[in-house]
Amino acid sequence: MAEQAQFEELARQLSAVGAVKRDLARILPHECPAGSAAVLTLLGRYGSMRMSKLAELLAVDMSVTSRHVAHVAERGWIERSPDPADKRSRILRLTPAGEATLVDLSRRSTELLTERLGDWSDEEVDQLIRLMTRLRDSFDCRPVPPRLTAPASVGPVPGAAGTTAEVTSAARAPTTPVLAPTTRTPA
């Protein structure tokens, strides 16, 4: 098992991932903020789904998900249709315009990653992907209920402000997440 100092350095490095997320956010079109990009990415990756499933995948509550969905629906990037199994629910699916926007987002993120990681070998990029996938899999990314009281022995953890960061190589997958949402609210 790793030493305490290694975990402390890992926490510092993970908090620095914010700089990567900020650079990825800067390349997004003005009309497509990070939350909208995440909605399009998840619908592109997993296909049509209910808003409750989308909220679970985004790891945000329904009110945040509703705002993101309204934003992309207003732009014609998704359509919301009644769920035949439950008329109170809606099924979300990408429109052709949403698919085109997703292709543009993927192109933009691929270009940035290619530029920034151009001096990395294929093996190094593959290793980063494997390790980030393993790291993400080591955490339960679903929303957790808030604690009523925090343990007295636990202080703040650098970079652990309830955020999720998912940065993967867009060159490796056709619908790569550009950014995950930067807020995480319990459902």
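Guide: Start just after α3, where A59 takes a positive phi of about 60°. Keep in mind that this is a predicted model.

Visitor: Why are α3 and α4 called roughly perpendicular?

Guide: Helix α3 (residues 51-58) and helix α4 (residues 62-74) pack at an angle of about 105°. The label covers 65 to 115 degrees. The angle of about 105° falls in that range, so α3 and α4 count as roughly perpendicular. Their axes are 9 Å apart.

Visitor: Which residues make the contact of α3 and α4?

Guide: From α3 come M51, S52, L54, A55 and L58. From α4 come M62, T65, S66, H68 and V69. By class, the contact of α3 with α4 holds six nonpolar residues, four polar and no charged.

Visitor: What makes the buried residues of α3 line one face of the helix?

Guide: The buried residues of α3 are M51, L54, A55 and L58. Viewed down the axis of α3, they fall within an arc of 100°, so they line one face. In general, an α-helix has 3.6 residues a turn, so residues three or four places apart point the same way.

Visitor: What do the buried residues of α3 pack against?

Guide: They pack against α2 (34-46), β1 (49-50), α4 and β3 (86-94).

Visitor: How do you know that α2 and α5 are roughly perpendicular?

Guide: α2 and helix α5 (residues 96-116) pack at about 105°, with axes 10 Å apart. With 65 to 115 degrees as the range, α2 and α5 are therefore roughly perpendicular. In this contact, A37, L40, T41 and G44 of α2 meet G98, T101, L102 and L105 of α5. The residues divide into four nonpolar, four polar and no charged.

Visitor: Why is S89 called buried?

Guide: S89 has a relative accessible area of 17%. Buried means under 20%, so S89 qualifies. S89 lies in strand β3. Leaving aside neighbours within four places in sequence, S89 is in contact with R50, S81, P82 and D83.

Visitor: Which residues have the most contacts inside the largest nonpolar core?

Guide: They are L40, L43, L54, L58, I78 and L92, in a core of 24 residues. The elements giving two or more residues to this core are α2, α3, α4, β3 and α5. α2 gives the most, with seven residues.

Visitor: What does L92 touch?

Guide: Not counting residues up to four places away in sequence, L92 touches L43, S48, M49, M51, L54, V69, I78, E79 and R80.

Key: Residues numbered from 1 in each chain as written. Predicted model: local features only at pLDDT ≥ 70, side-chain atom pairs only at ≥ 80, totals over all residues. Heavy atoms only, no water. Axes fitted to C-alpha atoms, helices over the stretch in contact; angles between N-to-C directions. Helix = DSSP H or I, 4+ residues; strand = E, 2+ residues; numbered from the N terminus. Parallel < 35°, antiparallel > 145°, perpendicular 65-115°, else oblique. Contact = heavy atoms within 4.5 Å. Nonpolar A, V, L, I, M, F, W, Y, C, P; charged D, E, K, R; others polar. Buried < 20%, exposed > 50% of the residue type's maximum accessible area, 1.4 Å probe, protein only. Arc of directions from axis to C-beta. Core = buried A, V, L, I, M, F, W, Y, C linked by side-chain atoms within 4.5 Å.
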